[in-house]
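Take a look at the structure below. Then read the short report under it.

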Amino acid sequence: MDGAAKVLGTAQYVDDLSAKDGELHGATVRSAVARGRIRGIAFDEAFDWSGVTRVTAKDVPENIVQLIVDDQPVLADTVIHHVYEPIVLLACEDRAKLADACAAVTIDVEPLDAVLDIASSLAAKTVVSGEDNVQTRYLITKGAADSEDSETKIDEALAACEVVVTGEYSSHHQEQLYIETQGMLAWWDEAGVHVTGSLQCPYYVHKGFKRAFGLEGDAIHVTQAVTGGGFGGKEEYPTIIALHAALLAKKSGRHVRMIYDRTEDIQATTKRHPAACEISTGCDRDGRLRVLKMRAVFDAGAYVTLTPVVLSRGVLHAGGAYSWQDARIEGLSVTTNTPPNGAFRGFGAPQTIWAIERHLDRVARELGRDPAELKRQNLLVEGDTTATGQVLRGSVGGEECADKAFASSDYFAKRAAGPVIEGRKARGIGASLFMHGGGFTGSGERMLKGRVAVDLQAGGRLLIRSGSTDIGQGTETVFSQIAADAAGIDVSQVSFAVPSTTTVPDSGPTVASRTVMVVGAIVEQAAAAVAAQVRAAGRDDESWVDAADRLLAEHGELSVLKQYEPPSWVDWDETTYKGDAYPVYAWSCDIAEVEVDLDTFEVRVLQFWTAADVGKAINPVMCRGQLEGGALQAIGWALSEDIVWRDGHILNPRMTNYIVPTALDAPRFETILVECPYPHGPGGGAKGIGELPMDGGAPAVAAAIEHATGVSMDHLPLLPERLLLASMAGTTSQGAI
Amino acid sequence: MRVELLVNGQERVVEMPPMVRLLDVLRGQLGLIGAKEGCGEGECGTCTVMLDGEPVNACLVAIGQCNGREIITVEGLAEGEHLTPLQQCMADHGGAQCGICTPGMLIAAEALLRRERSPSDEQIRAAVAGNICRCTGYQRIVISIQEAAAARREQSEGPR
């Protein structure tokens with residue numbers, strides 16, 4: 001469908017849209033210190049400013065980026081909170097002059113002490129936000145911990161266990177590194193403001209414009225251009241670049257296009273939150289897990305952005321895919337003077353799943369058990385309760401995934417045989433088990449009220465109008481298949497409207513593994529409803545097309561709008577963090593086989609098995625593509641991707657030194673689709689799987705490295721130099737470099 | 001400087017300072033938007049085009065180096081809207097997700113298939129190692145190229 005334009009090279013991304021007469025290029029002048037007070041902005045008087053549009057904070061009607069908390073300005077006015085804080089916007093028709101203009105701006109800043117990592121933020125010797133740098137706290141309690149004095153009670157429960165194991169685990173920033181950098185084209189006319197660009201969530205941008213410009217909704221027209229990858233990086237950030245382009249467009253009266261180069265994109269846009277987790281668990285000598293005590297601290301960066309929601313998903317996945325009788329899971333997010341972190345595939349879950357999976361590997365070591373066998377023994381099954389007290393009602397495929405992945409990879413035989421050492425190469429195998437909740441957390445979908453419309457068009461065609469975007473994951477194709485199947489017509493008879501706030505309803509954001517499972521479900525209902533009207537009106541001898549055309553002629557138009565309603569039994573208490581955190585989970589088992597060079601500690605993943613319970617694979621090719629692509633991002637996060645910091649600056653904001661996997665680094669994938677249908681999912685029971693594959697790759701790789709070398713790593717990334725140091729320090733101790 | 005080029009089979013003449021990037025000439029004056037800029041320093045491969053049959057990063061090639069040479073971009077692969085087997089396989093087997101790396105990936109693959117009728121998995125991976133894809137995990141791309149190689153062999157040999 002959309003595939004043809006992409007392989008022909010005719011698909012138009014924002015940088016490909018033809019330039020309008022008088023169009024200007026936009027650029028951003030940013031801070032150079034991590035924290036400080038702006039004393040003044042100087043525009044060099046010797047510079048010829050003709051033809052250059054200048055925008056500062058005073059040009060912003062309401063200087064707030066609309067998100068959860070009103071803490072982030074569109075342009076910094078008085079205080080700087082991170083090194084890449086935007087302060088001045090410039091636009092010019094001539095690119096070379098624009099670059100000179102940027103160099104002719106001087107920001108006079110009084111530097112202030114900055115807080116640059118989780119430890120110093122928690123220590124709060126320097127307070128950069130609130131009273132103690134802590135933004136958000138969550139507490140999940142179960143069993144013994146369900147008490148006013150939950151910490152004492154969980155400690156007592158731990159003390160009563162036969163085996164108690166304690167550990168600390170941490171994970172690092174990750175850049176989404178979509179191959180198309182962020183970009184927007186903005187202009188104003190009598191209809192209001194228009195922005196077209198690379199984005200996941202047109203209605204986020206729409207809300208951001210309502211707030212910052214004080215405009216009515218119908219004066220704001222946000223349209224998605226073909227988007228070259230998002231992975232969460234184009235969830236909330238595009239609001240900022242869109243506002244910037246629109247501010248320049250408003251002041252200049254021209255079209256303004258802002259396209260970040262790779263360095264600016266890596267520096268200024270959101271990344272995965274680093275996290276530090278402390279875990280203590282208690283279990284029986286035979287491996288039955290009993291008690292979990294965990295504290296997860298997430299580094300929010302300079303502003304709140306979506307951090308509370310990321311942290312929420314993090315703590316809700318912190319218990320992993322396992323059954324705990326008593327649990328106390330505490331989550332904190334803290335402010336640092338680093339660029340704000342935000343949405344990235346997995347959304348907090350990869351961080352806590354890294355921690356719990358590595359911890360259970362440690363427990364297995366303590367018990368003298370195979371880690372995957374220990375995990376399999378404790379997997380949640382139908383009827384079990386999660387840490388929030390949610391009873392799993394079905395579509396629980398964890399055990400089936402584990403057994404299929406174990407069998408396909410010959411896991412137990414390879415583990416029992418021990419590492420294979422040939423020359424200086426050691427080969428080992430490791431596993432992770434995990435689950436990921438589909439859709440918004442708790443009552444989120446009920447409040448969100450996502451909507452789609454399906455229109456009947458001439459010739460019996462259907463048009464899907466939805467705010468859910470295709471960012472490469474295949475929304476357009478999968479929605480078209482769902483609608484075609486629901487209507488009983490051929491998929492070639494279905495079209496997908498370009499997502500634009502002017503013409504499509506708000507389906508909710510394209511995030512949270514919700515597009516197919518949640519929005520797809522109402523696409524199915526709407527298409528079925530349109531088809532039912534056509535068939536009810538059709539005469540005995542009338543074809544679908546004739547009946548449709550006659551119906552259209554009679555009514556002028558026929559469109560069905562559907563609003564999502566979650567299953568009635570979903571019961572979630574936001575204040576106590578108890579209940580049905582997600583209506584259903586996708587389950588998975590990842591197995592990595594790695595080869596470690598014992599001289600250089602270079603790690604290659606040779607083969608990677610994933611068995612994933614997807615509910616129902618509507619398009620198996622695309623479903624596998626999601627699982628494999630996500631797994632490789634997880635492998636990259638584990639082995640090579642690392643943001644290097646100094647004084648709040650990123651030292652490697654380039655593709656030359658931020659290393660993502662190439663085709664030669666990627667393993668062979670063996671992907672097994674397990675289908676335990678979710679009764680409320682479309683197409684016969686599909687569940688959300690977009691984020692799932694990001695969760696398990698890193699711990700599977702770490703377990704395989706441990707099998708190959710005996711080196712046990714608790715802190716990401718697993719860079720060769722860190723492996724070397726850990727091996728020299730002995731297998732149980734290790735530290736960050 | 002006056003530069004004569006054969007671009008996708010058509011003779012084109014441009015007047016440009018010699019150090020202007022080939023990528024900018026293609027995307028600008030020649031109106032060929034298929035090649036993209038992903039990094040501007042030869043790391044991502046999304047600007048890959050064929051220069052005299054060899055895949056190159058158009059962001060690293062100066063137009064002054066191109067006089068009298070042949071350039072093939074993604075737009076030069078298909079005849080009109082009629083997809084080549086390679087393009088069709090890339091679309092059918094999940095080789096293109098977001099599509100931004102696809103034009104460069106197709107050129108790298110095309111250059112490989114022109115010299116190797118039956119490339120191995122390893123040869124395919126080596127041929128596209130300079131083309132970063134963040135979506136697919138590469139396996140669907142390797143499968144697409146293998147399927148395209150098979151289709152091309154069948155085309156040249158006829159049905160058996």
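## A sheet in chain A

This is a predicted model. Chain A holds an open sheet of 5 strands. Their order is β16-β17-β24-β25-β28, and the pairing is mixed. Two strands sit at the edges: β16 (420-422) and β28 (668-674) of chain A. Each of these pairs on one side only. From one strand to the next, the twist averages 20°.

Now follow β25 (residues 603-613) of chain A. This strand runs parallel to β28(A), and 7 bridges join the two. Trp609(A) stands opposite Glu670(A), which belongs to β28(A).

## Where the chains meet

Chain B gives 40 residues to the contact, and chain A gives 39 residues. On the side of chain B, the elements that give two or more residues are α2 (85-92), α3 (102-115), α4 (121-127) and α5 (139-157). By class, that side of chain B has 20 nonpolar, 14 polar and 6 charged residues.

## Two domains in chain B

Chain B is divided into domain 1 (2-76) and domain 2 (85-157). Their centres, taken over C-alpha atoms, are 21 Å apart.

The two domains of chain B touch. In this contact, 15 residues of domain 1 meet 12 residues of domain 2. On the domain 1 side, β3 (48-51) and β4 (54-57) of chain B give two or more residues. β3(B) gives the most, with 3 residues. The domain 1 side divides into 7 nonpolar, 6 polar and 2 charged residues.

Key
Residues numbered from 1 in each chain as written. Chains lettered and ligands numbered in written order. Predicted model: local features only at pLDDT ≥ 70, side-chain atom pairs only at ≥ 80, totals over all residues. Pairing = 2+ DSSP bridges. Helix = DSSP H or I, 4+ residues; strand = E, 2+ residues; numbered from the N terminus. Axes fitted to C-alpha atoms, helices over the stretch in contact; angles between N-to-C directions. Contact = placed C-beta atoms within 7 Å. Nonpolar A, V, L, I, M, F, W, Y, C, P; charged D, E, K, R; others polar. Domains from an automatic or database assignment.
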